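Hello,

Here is the structure for you to look over. My notes follow below it.

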Amino acid sequence: MNDQPTFSGRRTFLQFPDQLSDGQRPDVTVVGIPFDLGTTNRPGCRFGPAGIREASLMLLDGDHPELRVNPGEDLRCIDAGDLDIANGYLEKSVDMIEGQVRGIDGHLVALGGDHTVTLPILRAQAERHGKGVSLLHFDAHVDTWKENFGGPVGHGTPFHYAAQEGLIDPKRSIQIGIRSPVDNDVMDYTTDELGFHVVSAEQVHTGGVEAVVAAVKKTVGDNAVYLTFDIDGIDPSQAPGTGTPEVGGLFTWQALAIMKKLGDLNLVSMDMVEVAPAYDQAQITSLAAATFVWTYLCLLAVKKNK
Ligand SMILES: [Mn+2]
């Protein structure tokens, strides 16, 4: 239990310190990546880290009701602030993100930023976790386009490049919540050529949470798993604050129920991307994003306490 009311105090994620007082290595390092030059529709998720941090303060009131852990008490967590970017320079920023992630200690949790940022994170982390990690990917979009409206890198292309560079193993990766308009050849490339397991939002609704959990476990097995969570995987009725909303998406309870059952996976990192607070209503998008990150940290805490 926090000893201050939630509207008071430092505005870091879950009020984590920026470093540990004993100088020890953190279990988890949270960073913000205030970058949205890769967006193809509405920009604004450069404010995502600030929005998610602010909303996270609602979650300081106690332990997870079922997992019975508190990330701030059961893990040694820091919020190291925002990564530097080169304002206005997309590709230079991507390189800078990669370089800074290489220097981060502990289990990385990144608050985006648009989905471009996952590519430099995966590049940086290939040293630590090896190539060919499994992607556990919540999104309305497959993000395997080969170009971003004329540019090579953007928020629609990270997993084309990640697959081509061998950073992820698409055949052991799963995308959940997919439903956006997409050219047939892009979808065929994603499922048939690359081999991603794609679970549409409708399949989540009709098949249920347990079927999705089983599909995730079967697909990723014991491989290292990188969780990338695009908030537009959630329905715009519950997460309107994002640049490319698509109707028919997951409800927050569905994503939480799926996540809660995946604590036994070999989770190595996560990012939470595409939160654009200017389009939000009553902070519901930022709160959803903060709650998904909090839930992920709770999974890590359960594992640590075992
Ligand atoms: Mn998306």
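In what order do the eight strands form the open sheet? The order is 2-1-3-8-7-4-5-6, with parallel pairing. Bear in mind that this is a predicted model.

**The sheet**

Strand 2 (77-82) and strand 6 (197-200) are the edge strands. Each of them pairs on one side only. On average, neighbouring strands are turned by 15° against each other, direction ignored.

**Strand 1**

Strand 1 covers residues 28-33. Six of its six residues are buried, so strand 1 is largely enclosed by the rest of the structure. Val 28, Val 30 and Gly 32 point one way. Thr 29, Val 31 and Ile 33 point the other way. In general, side chains alternate between the two faces of the sheet in a regular strand.

Strand 1 pairs with strand 3 (residues 107-112) in the parallel sense, over six bridges. Val 31 has Ala 110 of strand 3 as its bridge partner. Ile 33 stands opposite Gly 112 in strand 3. Strand 1 also runs parallel to strand 2, joined by four bridges. There, Val 30 has Asp 79 as its bridge partner.

**Helices on the sheet**

Helix 1 (residues 48-56) lies across strands 1, 2, 3 and 8. Helix 1 runs at about 110° to strand 3. Helix 10 lies across strand 1, strand 3, strand 7 (224-230) and strand 8. Its angle to strand 8 is about 170°.

**Helix 9 against helix 10**

The axes of helix 9 (residues 252-260) and helix 10 come within 10 Å and cross at roughly 10°. The two helices are therefore roughly parallel to each other. Helix 9 makes the contact through Thr 252, Ala 255, Leu 256, Met 259 and Lys 260. Helix 10 brings Ala 288, Phe 292, Thr 295 and Tyr 296. These contact residues divide into six nonpolar, two polar and one charged.

**The core**

The largest nonpolar core has 87 residues. Which of them touch the most other members? They are Val 30, Met 272 and Val 293. Helix 10 (residues 284-305) gives the most to this core, with 13 residues.

Met 272 is worth a look in the viewer. Not counting residues up to four places away in sequence, Met 272 touches Ile 52, Leu 111, Gly 112, Phe 229, Ala 289, Phe 292 and Val 293. Two of these names come up above: Gly 112 stands opposite Ile 33, and Phe 292 belongs to the contact of helix 10 with helix 9.

Best wishes

Methods: Residues numbered from 1 in each chain as written. Predicted model: local features only at pLDDT ≥ 70, side-chain atom pairs only at ≥ 80, totals over all residues. Core = buried A, V, L, I, M, F, W, Y, C linked by C-beta atoms within 7 Å. Buried ≥ 20, exposed ≤ 12 C-beta atoms within 10 Å, placed from the backbone. Contact = placed C-beta atoms within 7 Å. Axes fitted to C-alpha atoms, helices over the stretch in contact; angles between N-to-C directions. Parallel < 35°, antiparallel > 145°, perpendicular 65-115°, else oblique. Nonpolar A, V, L, I, M, F, W, Y, C, P; charged D, E, K, R; others polar. Pairing = 2+ DSSP bridges.
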